[in-house]
Amino acid sequence: MAHQLLGACCRKLVRRASAVVGCVRLASTSADSSSVDIFDRHAKRLQRDRATLLEDSGREFDYLKAEVASRLADRLLDLGNRRLPVACDLGSQAGFLVQHLQQAAIDTLYHTEMSERMLQRDAAYDAARLSRLRPRRVLADDEFVPFGAQSLDLVMSSMSLHWVNDLPGTFAQVLHALKPDGVFLAAMLGGEHTLHELRTALLLADQERLGGVASHVSPFAGVADIGNLLSRARFALPTVDTETITVRYRDAWRLMTDLQGMAENNCVRTRPPYVPREVFEAAAALYQQLYADPSDGSVPATFQVIYMIGWAPDVSQPKSKRRGSAQVSLKTLSDNAGQL
């Protein structure tokens, strides 16, 4: 009976959370850009600064960002030996992409990052390990793309755009900076599944200990939202896909520690200024009860990664035919296929 009540409570709270996140997503994709201020960018910069002060500059927490960067770079290499002389890694953080771009046809690569500590974290390391392409580092917020019109052949961004307040504005700036037929390739956390286990546990803990619900996990844009924003920004041939990465942790405490080490902890402006430890203790216990593997006690954390590609318009790109210009009907094609 207790398990049935707990399950019903979970479903109710998750529906409530989904509705709240859906409202935030709708606001972020349809409201005027000047009114969007969901994330505290100053707090995010401080979180990245602090992450570099951990043992070994926090490199033990790079695993997720390094994995996503590798998968994103594979998508670039799938484009073939296309010449992309001037490129930018927007919101580069410590620079997880550059090691995977050594074989790409790039002559100059800029790293832009708002945290100077994070931007410079691997500068000496890169000088020793990179054989050809070494980044030029630029201190800049990825909400303000610091490049002139038609100055870049490629813009990439890995695991940073989900903290941007004005995605439509950033996409428009990226398009402005791209040369005709230049390419924008990015990956960000999003969707309904990212950290859904942690969100559920914290919602239940809040309800149990405080009698209400607070904002502990940041809202994420959906896959359809990103496709709509790329089209609205006037990118040509936009394509969006998604992958799910599941990481197993010893317990919820380890997950929360790692999120902090990644600088992926919450920076929503509406986050509570103080959360009693008893809330986190209750959340950790609920996380274990709801999601632990009976064989070893480990718990999963889901990260849904949204990948996107868009092109700066150019006359050389394929275009759809005028509506009604087809010479053969779909019915005829279907009938002919049935005769094969």
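**View 1. F171, F184 and F235 make up one aromatic cluster.** The model is predicted: local features need pLDDT of at least 70, side-chain atom pairs count only at pLDDT 80 or more, and totals for chains, interfaces and linings use all residues. Residues are numbered from 1 along each chain as its sequence is written, and side-chain values use heavy atoms, with hydrogens and water left out. Searching the whole structure gives five aromatic pairs. Rings of Phe, Tyr and Trp (its six-membered ring) pair if their centres lie within 6.5 Å; planes under 30 degrees apart are stacked, over 60 edge-to-face, and the rest tilted.

**View 2. F171 and F184 pair edge-to-face.** Their centres are 5.6 Å apart, with 65° between the planes. F171 lies in helix 6 (residues 167-177) and F184 in strand 5 (residues 178-189), so the pair ties together parts 13 residues apart in sequence. Helices (H or I, at least four residues) and strands (E, at least two) are DSSP runs, numbered from the N terminus. F171 is buried, at 0% relative accessibility. F184 is also buried, at 0%. Buried means under 20% relative accessible area, exposed over 50%, partly exposed in between (1.4 Å probe, protein chains only).

**View 3. F184 and F235 are stacked.** The centres lie 5.5 Å apart, with 25° between the planes. This pair links distant parts of the chain, 51 residues apart: F184 is in strand 5, F235 in the loop between helix 8 (223-232) and strand 6 (236-249). F235 is buried, with a relative accessible area of 5%.

**View 4. The charged end of K44 sits over the ring of W163.** It is 3.7 Å from the ring centre. The criterion is NZ of Lys or CZ of Arg within 6 Å of the ring centre and within 35 degrees of the ring normal.
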